[in-house]
Amino acid sequence: ESFALGTSNLDSRFKTGLVGATHTNIDHAFRISARDSGWSLHDKSTPSAVTLQFKNAAAKGVLIHLVAFRVPKGTTGKMILDGRKAAWDSSYNDLTYTQNAATKILGSAGHILQFNGLTKSKKPIRNFTREVAWVRGDSGYLMNVIALEGPFKTHMPHFEKLLKRFRFLSE
């Protein structure tokens, strides 16, 4: 009996890249769209990670990103955020964690971390951040929003809507 090594057929059905306000990535098997949301999507990827930035002219100072990257087997969304928590702890003073909880993203186990803290700068400002991380196969995903308190509260519903537009590509 002969057999061929299984390969993904995603590359025969999808193309990696940004088309309008929709980004597709076959290496990490996902698609996300900012279409009809008022937000534009910008590809800021590097060789080690897919990095997408969402922008909206009415949301000055609001940073929203989606990052996809390879993870070792057994990695969880909580592990990803625990690693980032150490970086945040060294970047901010007076950190207050307001949410640290398990979640699900399209059936994949994930984790949410929400906090605020004072930047370590000559003129400290209090940034508010929400990060959501999840894993599927050997890909890790992280979506976050960072802003001052007023814009954070105003644009949190937009962040949630953009997160809900994330889709896994199916074989």
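Mentor: Start with cover. Buried means under 20% relative accessible area, exposed means over 50%, and partly exposed lies in between (1.4 Å probe, protein chains only). Alanine 49 has 15% relative accessibility, so alanine 49 counts as buried.

Trainee: What should I know about the model itself?

Mentor: This is a predicted model, where local features need pLDDT of at least 70, side-chain atom pairs count only at pLDDT 80 or more, and totals for chains, interfaces and linings use all residues. Residues are numbered from 1 along each chain as its sequence is written, and side-chain values use heavy atoms, with hydrogens and water left out.

Trainee: What makes a stretch a helix or a strand here?

Mentor: DSSP runs decide. A helix is a run of H or I with at least four residues, a strand is a run of E with at least two, and numbering starts from the N terminus. By that rule the protein chain has three helices and 11 strands. Along the sequence, the pattern reads α-β-β-β-β-β-β-α-β-β-β-β-α-β.

Trainee: Where does alanine 49 sit, and which residues does alanine 49 touch?

Mentor: Alanine 49 lies in the loop between β4 (40–43) and β5 (50–55). A contact means heavy atoms within 4.5 Å. Leaving out residues up to four places away in sequence, alanine 49 touches Val67, Ala68 and Phe69. Its C-alpha atom is 9.8 Å from that of glycine 140, 91 residues apart along the chain.

Trainee: How do you know whether threonine 76 is buried or partly exposed?

Mentor: Set the value against the limits. Threonine 76 has 34% relative accessibility, so threonine 76 counts as partly exposed. Threonine 76 is in the loop between β6 and α2 (77–91).

Trainee: Why is strand β10 called mostly covered?

Mentor: Count its residues. Strand β10 covers residues 139–147, and nine of its nine residues are buried. Ser139, Tyr141, Met143, Val145 and Ala147 point one way, while Gly140, Leu142, Asn144 and Ile146 point the other way. In a regular strand the side chains alternate between the two faces of the sheet. In β10, the residues pointing either way are all buried.

Trainee: How do you know which strands pair with β10?

Mentor: Two strands pair if DSSP finds at least two bridges between them. Eight bridges join β6 (residues 63–70) to β10, and nine join β9 (residues 126–136) to β10. Alanine 68 stands opposite tyrosine 141, and arginine 136 stands opposite serine 139. In the hairpin of β9 and β10, two residues lie between the strands, and glycine 137 has a positive phi near 65 degrees.

Trainee: What makes β1 and β11 edge strands?

Mentor: An open sheet of four strands has the order β1-β2-β3-β11, with antiparallel pairing. β1 (17–19) and β11 (167–168) each pair on one side only, and they are its edge strands. Two bridges join β3 (residues 30–33) to β11. Phenylalanine 30 stands opposite phenylalanine 168 there.

Trainee: What is noted about phi at aspartate 94 and leucine 106?

Mentor: Most residues other than glycine have a negative phi, and most peptide bonds are trans. Aspartate 94 has a positive phi of about 50 degrees. Leucine 106 also has a positive phi, near 50 degrees. Aspartate 94 is in strand β7 (residues 92–105), whereas leucine 106 is in the loop between β7 and β8 (108–119). Aspartate 94 has a relative accessible area of 48%, so aspartate 94 is partly exposed. Leucine 106 has 46%, so leucine 106 counts as partly exposed.

Trainee: How do you know whether the radius of gyration agrees with a compact globule?

Mentor: The radius is taken over C-alpha atoms, and the globule rule is 2.2 Å times the number of residues to the power 0.38. For 171 residues a compact globule would be near 16 Å; the protein chain has 17 Å, which agrees. The C-alpha trace spans about 70 × 35 × 25 Å along its principal axes. Of the 171 residues, 44% count as buried.
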